[in-house]
Amino acid sequence: MLRKLFKKTITKLADEAVKAVEESIGAGKGKEKKKLAVSYVIDKLPVPGIFKPALKVLLSDLIDESIEFAVRRLNAAKSIEFAVRRLNAAKIKK
């Protein structure tokens with residue numbers, strides 16, 4: 001049950017982290033961005049600070065998976081947005 005609660009919270013935080021890091025750093029620098037995203041998630045976890053280092057180790061797989069999934073969703077959204085802009089531009093030219 002605790003893992004399920006953390007999964008929901010971490011998924012939400014991963015989405016926030018990926019968006020925030022992408023806005024601040026931009027394209028490229030994947031390893032640096034992932035490190036910042038992991039730090040963001042750990043810092044924002046709603047637990048006392050003394051437990052955060054242990055949770056970082058215990059939940060590292062879940063955090064990594066959540067961040068990777070958030071990156072895929074963000075990239076898919078960007079692709080869709082780009083395609084819609086191209087379609088709209090093509091309609092305007094007609």
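**Salt bridges between helices**

Author: Of the contacts (heavy atoms within 4.5 Å) in the protein with a separation of 6 or more, 67% join residues 24 or more positions apart. The model is predicted: local features need pLDDT of at least 70, side-chain atom pairs count only at pLDDT 80 or more, and totals for chains, interfaces and linings use all residues. Residues are numbered from 1 along each chain as its sequence is written, and side-chain values use heavy atoms, with hydrogens and water left out.

The fold first. The protein has 4 helices and 0 strands (DSSP runs numbered from the N terminus: H or I of at least four residues for helices, E of at least two for strands). The order along the sequence is α-α-α-α. The C-alpha atoms fill a box of roughly 60 × 30 × 20 Å along the principal axes. Of 94 residues, 27% are buried (under 20% relative accessible area; exposed is over 50%, partly exposed in between; 1.4 Å probe, protein chains only).

Now the charges. There are 22 positive and 11 negative side chains (Lys and Arg against Asp and Glu; His and the chain ends are not counted). The centres of the two sets lie 5 Å apart, with each charge placed at NZ of Lys, CZ of Arg, CG of Asp or CD of Glu. The whole structure holds 6 salt bridges (a side-chain nitrogen of Lys or Arg within 4 Å of a carboxyl oxygen of Asp or Glu).

Take Asp15 and Arg73. Their side chains form a salt bridge at 2.1 Å, N to O. Asp15 sits in helix α1 (residues 2-25) and Arg73 in helix α4 (residues 60-93), so the pair ties together parts 58 residues apart in sequence. Asp15 is partly exposed at 23% relative accessibility. Arg73 is partly exposed too, at 31%.

Next, Lys34. Its salt bridge with Asp64 has the closest N and O atoms 3.9 Å apart. Asp64 belongs to helix α4 and Lys34 to helix α2 (residues 30-44), so this pair links parts 30 residues apart in sequence. Asp64 is partly exposed at 30% relative accessibility, and Lys34 at 26%.

Lys34 also pairs with Glu68, at 2.9 Å, N to O. Glu68 is in helix α4 and Lys34 in helix α2, so here the parts tied together are 34 residues apart. Glu68 is partly exposed, with 34% relative accessibility.

Elsewhere, salt bridges with shared partners join Glu22, Lys33 and Lys78 into one network.
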